[in-house]
Amino acid sequence: MLDLQLIRTQTAYVTEALARKGHAVDFGPFLEKDRLRREAIFEVESLKAEKNRVSAEIPKRKKAGQDVTETLAAMKRLSDGIAEKDAAVARMDTEQKDFLDRLPNLPADDVVAGGKENNRVVRSWGEKPAFGFAPKHHVDLVESLGIIDYARGAKLGGSGFWIYRGDGARIEWALLSYFMEEHLKDGYEFLLPPHILTEACGYTAGQFPKFKDDVFQLRGEDAEGGALRFILPTAETALVNLHRDEILDEILLPLRYFAYTPCYRKEAGSYRAEERGMVRGHQFNKIEMFQYTRPEDSDAALEELVGKAERLMQGLGLHHRVSKLAAGDCSDAMRKTYDIEVWIPSMDDYKEVSSASNAGDYQARRGSLRFRRRETGKPEFLHTLNASGLATSRILPAIVEQFQQADGSVVIPEVLRKWMGGQERLRPR
RNA sequence: GGAGAGAUGGCAGAGUGGUCGAAUGCGCUCGCCUCGAAAGCGAGUGACCCUGUGAGGGGUCCAAGGGUUCGAAUCCCUUUCUCUCCGCCA
């Protein structure tokens, strides 16, 4: 949700910023409707003021023994008029909200216009491994190692699902344990939220109404009262709603959280042959970091989050790079996003393992997430930030591919070994 | 799943048709007092919207939505959530 006041007073700036994100918006008709709306509010509120005045008179005059029949009739007419105008205002409000709901966030001033093609690599860590042999695809590796069962995964869940088995399940869990431990060291609070969320959660996150069809929805008996519920596509959707409709004390800020959840996504129509394997599934594990900050602290917080995600990758020793996304490639709710991408040799490409974003006050406005500034005593909107730290589904393929040996074995990253019973390698069966 | 009770301001808790955004207590803020603190005393203390340069003025909000009424925290309906009891269960 954008600030209506900003749209009114800095229309040109907002228009330019949205254009960078690829949205051509003409606010002319909107602002005219907004003017009419405010006129209508003024009218109906004047009538209500009149009603309240007379309403307070009635009991006094009754007590004084005066006849109020005439007044009651006049009040009836006044009330009918108010009801009519109220309905008109409500219609205008709804129309305005629908329009505002669909506007994406404004990109930060240092975020360049355009789509994916304008993303810029800001740093790179490590190097592409040089194999002295023909490297294998991770699908072949994990099958020969016996750590992922694709066929039976599809049997159970359909296409896009797999099963981690044995050391595969163990290394997956080791990754999560490693991430968890690092976040705890940094003082982040660990949360395990519900995986089924109400529609309001999707709205606050900025994912609804636009992306309702991209999540697995529960309807009918599973959804209380017939209302929509859905299985979360990322823990961000849960974490951003933690403080919905709250006014936090400024001294609590910043609030730093992390959560583990599987993420469930339809990924309809996104299957591509080159993404065979575990690079894109309907379910994957992820640890998500989240921060609630004061507006003036969110830029630094974003750098902190990216830095944390990078350190996790460095700990694993995986070659990766960090890209700053162009405006059009950021999610609707975000004003600035960095992606961390890991090198997948078989794809000859880098694939996202973490996305760190600053939503500014966009989500905060939608969910009424506020804090009370001590200096002024007034509530203000918080800034929200989220970053994967990390998603595992592309890390396991990266590990087996980047660390594969000529004999088909895979060297386990040092940091994971304590959760792997001290094993140094995964060997083909 | 069945039966019942409930949802009021930061918290506790009054209020069953009009003068109630809402008693009272606690908390918090400021002042007095004090070397300082506590106690005591006094004053203040919600959010949102419209309007206004400002001071201010007006409106809305007592879980949510709808209804009755000139008028609803209060009466009626629906939904959600919480608690108690029974049943079932990982």
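Before anything else I noted how exposure is judged: a residue is buried if 20 or more other C-beta atoms lie within 10 Å of its own, exposed if 12 or fewer, and partly exposed in between. I also reminded myself that this is a predicted model.

**Entry: one glycine.** I went to Gly-315, which sits in helix α10 (residues 298-316). I found 15 C-beta neighbours inside 10 Å, so Gly-315 counts as partly exposed.

**Entry: one alanine.** Is Ala-151 buried or exposed? I counted 9 C-beta neighbours inside 10 Å, and therefore put Ala-151 down as exposed. Its place is in helix α6, residues 150-157. From Ala-151 to Phe-161 I read 8.9 Å, C-alpha to C-alpha, for a separation of ten residues in sequence.

**Entry: a covered helix.** Next came helix α12 (residues 395-402), and I wrote it down as mostly covered, with eight of its eight residues buried. Among them are the nonpolar Ile-395, Leu-396 and Val-400, and the list also includes Glu-401 and Gln-402. For the chain as a whole, I noted that 35% of the 429 residues of chain A count as buried.

**Entry: the helix pair.** How do α3 and α4 lie against each other? I took α3 as residues 28-63 and α4 as residues 69-101; their axes come within 9 Å and cross at roughly 150°. Angles over 145 degrees count as roughly antiparallel, so that is how I logged α3 and α4. The crossing of the two, α3 and α4, is left-handed. Sorting the residues in the contact of α3 with α4 by class, I got 14 nonpolar, nine charged and four polar.

**Entry: the whole chain.** Then I stepped back. Chain A is split into domain 1 (26-101) and domain 2 (116-426). I put their centres, over C-alpha atoms, 49 Å apart. The C-alpha trace of chain A spans about 100 × 45 × 40 Å along its principal axes. My tally of secondary structure for chain A is twelve helices and 18 strands. Last, I looked at contacts in chain A between residues at least 6 apart in sequence: 72% of these join residues at least 24 apart.

Note on methods. Residues numbered from 1 in each chain as written. Chains lettered and ligands numbered in written order. Predicted model: local features only at pLDDT ≥ 70, side-chain atom pairs only at ≥ 80, totals over all residues. Domains from an automatic or database assignment. Axes fitted to C-alpha atoms, helices over the stretch in contact; angles between N-to-C directions. Helix = DSSP H or I, 4+ residues; strand = E, 2+ residues; numbered from the N terminus. Parallel < 35°, antiparallel > 145°, perpendicular 65-115°, else oblique. Left-handed = near helix turned anticlockwise from the far one by under 90°. Contact = placed C-beta atoms within 7 Å.
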